[in-house]
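Work through the following exercises with the sequence and the model open. Each task is followed by a solution in steps.

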Amino acid sequence: MTVVYEKPQALNDMVMHYCPGCTHGIIHKLVAEVIDEMDIEGETIGIAPVGCAVMAYEYFKCDMIESPHGRAPALATGVKRSLPENFVFTYQGDGDLAAIGAAEIVHAATRGEKITVIFVNNAIYGMTGGQMAPTTLPGQITQTSPYGRNVETEGFPIHVCEMLSTLDGTAYAERVAVNSIPNIRKAKKAIRRAFEAQKNKEGFSIVEILSTCPTNWGLSPVDALGWLEENMIPYYPLGVYKDKSAEGNQEVK
Amino acid sequence: MTNYNILLAGFGGQGILFSGKVMANAGLVEGKEVSWLPSYGPEMRGGTANCSVCLSERAIGSPLVTTPDILVVMNQPSYEKYIDAVVPGGKVFIDSTLIQANCERTDIDIYEIPATQMAKQQDMSGLANIILMGKVLKETGFAATESVEAAIRKCVSARKAHLVDVNMQAIQLGMNC
Amino acid sequence: MTEKQAERVLMKGNEAMAEAAIQAGCRHFFGYPITPSTEIAAYMSKRMPKVGGTYLQAESEVAAINMVLGAAAAGVRVMTGSSSPGISLKSEGVSYLAGCDLPCVIINVQRGGPGLGGIQPSQADYWQATKAWGHGDFQILVYAPSTVQEMVNLMMEAFDKADEYRIPALMLVDGLLGQMMEPIAFPEKDLSTIPAKPWATNGHKHKREHNIVNSLCLKPDELEQQVIARFARYDIIKAKEAQAEEYLVDDADIVLVAFGATARTTRSAIDMAREKDIKAGMIRPITLWPFPEKVIQKAANTAQCFLSVEMSMGQMIDDIKLAINCTKPVHFYGRTGGMVPMPVDILGKIEELARGLK
């Protein structure tokens, strides 16, 4: 019998705690596949966030550190500066990265820290039960924006890739989504490219991944994929926002 | 007297902290216990600067000198602030180019030296502090002259090593006035 | 450690601690400038590149302590330094470092508080350092040197003990010690004794299971056991690592207790008291956690009373009372807000107490 598909080596063999239909599992798999393909599991240190992916340190088979909320880029800086030849990645959600950890991510990027950031944007706080995130869309209803996010009072969502791509230290920034097979393939390519940027010491690399949260969005997993496509992608356009190594490929659209 | 509690005060930029470092290093050269403590504050230039220097045969308790037995002052506000803090029998050294002294105390020795004017006349601008130190050296003997010279060599950065001689001339000028 | 026969040099406390760290094998410094501790960062920025190390000026105190966390997890000797308001900002990271059992060294060059307070010397972060620097059940090692030479020696010891017990260590000093210069000699440091760190997250290279550095534990019974195990380690530290210096305590009626810069002026006050035939002595805690309880307890057998001298409104006094179970009166003299208790003022308090004894 020919093996046509198997679980990546860089993931531990265990049941994940994610909700049914959550796309964290897909993203974990993509990261692990890239680690396998580059054969860097033994040299990689991952930093797990506070948020839904808090248990990621159990799932990845490389060495892992569990970070305080939002501080993963600072931890990653400490690790990378101590072990410059190793691979270091953070795995962060939107509250972790764009709210409480906004300073850490901006400065890690502007310093050009040679780390890779996997940024999961699902427009909501998942683990605490569906509160407004810095990436919650205008008008989107959450537990703490029960009348819909009002930009007059709650302000506007942060476009993380756009913001970080303005910084000279950012070598690579791409936004992808995991709502369809073609998009999942593109997401993996982007993750690979981000790790390659780290390998080539180009600078800071980030992949923003639009992701679903069926539980807190109050939608079925399938409807959630549709909601992502109809609402998130128009607001957060997919594409490469910065690629230092590819001249002329710095503009999206 | 072999123990000295010295307070130097003036404006930032007059070389107050440098003088203190030279005195502390002179003590160190002679194997004494020494300490040097600067005032530190938000003003970087032109504000008040002072530093405490202790030279002692024994371990130094407070490095902060609040009741000096040697006071060196290079501006009017410092003179007014510290003149009454000097212990009876203490010695006060005043740059009289910059300070109008009108002290009524008779229990202390006051030496008025126009150090800034002397420095200007001798083409030693910026060395009024060192001229004053020369006078302190003569009147208190806080260290041997060779120790002060060794200390100046230590405190002058390599980039300014050529200034050691003129510093020593300033010391002599102070000692002779 | 043996003292080198090297020439003594005059060095500022802050710079001496930084150099001592480098000589103790520390090659990573993450910090943020704040008066009166900035010379530490400035010194490191100059020296680290010359010894192949990393100096990084973080975007915030919070980021700095978390960079320390990352480097400590990677298994290297790492440190940061700050002053009171910055130290408060680091409290999150310190709790995580303790919860992850990570070694590191932190310097607090204390200044007057609360809030922005002032920039002159203070010891008012005693409670924070010894009782509550962050959330959760934990302790850290707290060293309180009182001379620049001792700042050097304890800095080196702090790195060793932090590694030995996998615990953060704090150098609790103040603006006076940080800013003053005193003659020092650097002891020869044996770096071959730095323990291996098989727990470090430095890449498993397929030679071991993956390491996890983590403070999360969602099962209360397991978390309880983790904390209990950590406190068992604290008991060993308490038994082995408490240090104090005694000065004329044996025949003293009045035993003063003071640490850091305050111990210097207290010693002068005791010398003045002895000249007046007042039997005063001093216990100088060198470690504040663990607190040298036994030395204080022993003195309670012969002393008539204690006097805690602090640059605060009175914080260490609680630990003295606890150590002796309030069997003898414990008095207090202190200045705060950046004021330094001077020998003559302390002497006044000693004389007042001595009159009460007669």
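**Exercise 1. Two helices of chain B**

Task: Describe how helix α1 (residues 16-29) of chain B and helix α4 (residues 128-140) of chain B cross, and list the residues that make the contact.

Solution. 
Step 1. The axes of α1(B) and α4(B) come within 10 Å and cross at roughly 35 degrees. Axes are lines fitted to C-alpha atoms, for helices over the stretch in contact, and angles run from 0 to 180 degrees between N-to-C directions. Helices (H or I, at least four residues) and strands (E, at least two) are DSSP runs, numbered from the N terminus.
Step 2. The crossing of α1(B) and α4(B) is right-handed; a crossing is right-handed if the near helix is turned clockwise from the far one by less than a right angle, and left-handed if anticlockwise.
Step 3. On the α1(B) side, Phe18(B), Ser19(B), Val22(B) and Met23(B) make the contact, and on the α4(B) side Asn129(B), Ile130(B), Met133(B) and Val136(B) do. Contact means heavy atoms within 4.5 Å.
Step 4. The residues of this contact divide into six nonpolar, two polar and no charged. Ala, Val, Leu, Ile, Met, Phe, Trp, Tyr, Cys and Pro count as nonpolar, Asp, Glu, Lys and Arg as charged, and the others, Gly among them, as polar.

The model is predicted: local features need pLDDT of at least 70, side-chain atom pairs count only at pLDDT 80 or more, and totals for chains, interfaces and linings use all residues. Residues are numbered from 1 along each chain as its sequence is written, chains are lettered from A and ligands numbered from 1 in the order in which they are written, and side-chain values use heavy atoms, with hydrogens and water left out.

**Exercise 2. Backbone exceptions**

Solution. 
Step 1. Most residues other than glycine have a negative phi, and most peptide bonds are trans.
Step 2. The bond from Gly113(C) to Pro114(C) is cis, with omega near 5 degrees; Pro114(C) lies in the loop between β5 (104-110) and α6 (126-130) of chain C.
Step 3. Trp289(C) and Pro290(C) are also joined by a cis peptide bond, with omega about 0 degrees, and Pro290(C) lies in the loop between β13 (287-289) and α11 (293-300) of chain C.
Step 4. Lys201(A), not a glycine, has a positive phi of about 55 degrees and lies in the loop between α8 and β6 of chain A. Lys201(A) counts as partly exposed because its relative accessibility is 41%.
Step 5. His206(C) has a positive phi near 60 degrees and is found in the loop between β8 (181-184) and β9 (212-213) of chain C. At 51% relative accessibility, His206(C) counts as exposed.

**Exercise 3. Contacts between chains**

Task: Which chains share the most contacts, and what does Asn66(C) touch?

Solution. 
Step 1. Of the two pairs of chains in contact, chains A and C share the most contacts. No contact joins chains A and B, whose closest C-alpha atoms lie 27 Å apart.
Step 2. Asn66(C) is found in helix α3 (residues 61-73) of chain C and counts as buried at 0% relative accessibility.
Step 3. Not counting residues up to four places away in sequence, Asn66(C) touches Pro68(A), Arg71(A), Ala74(A), Leu75(A) and Glu92(C).

Conventions
Buried < 20%, exposed > 50% of the residue type's maximum accessible area, 1.4 Å probe, protein only.
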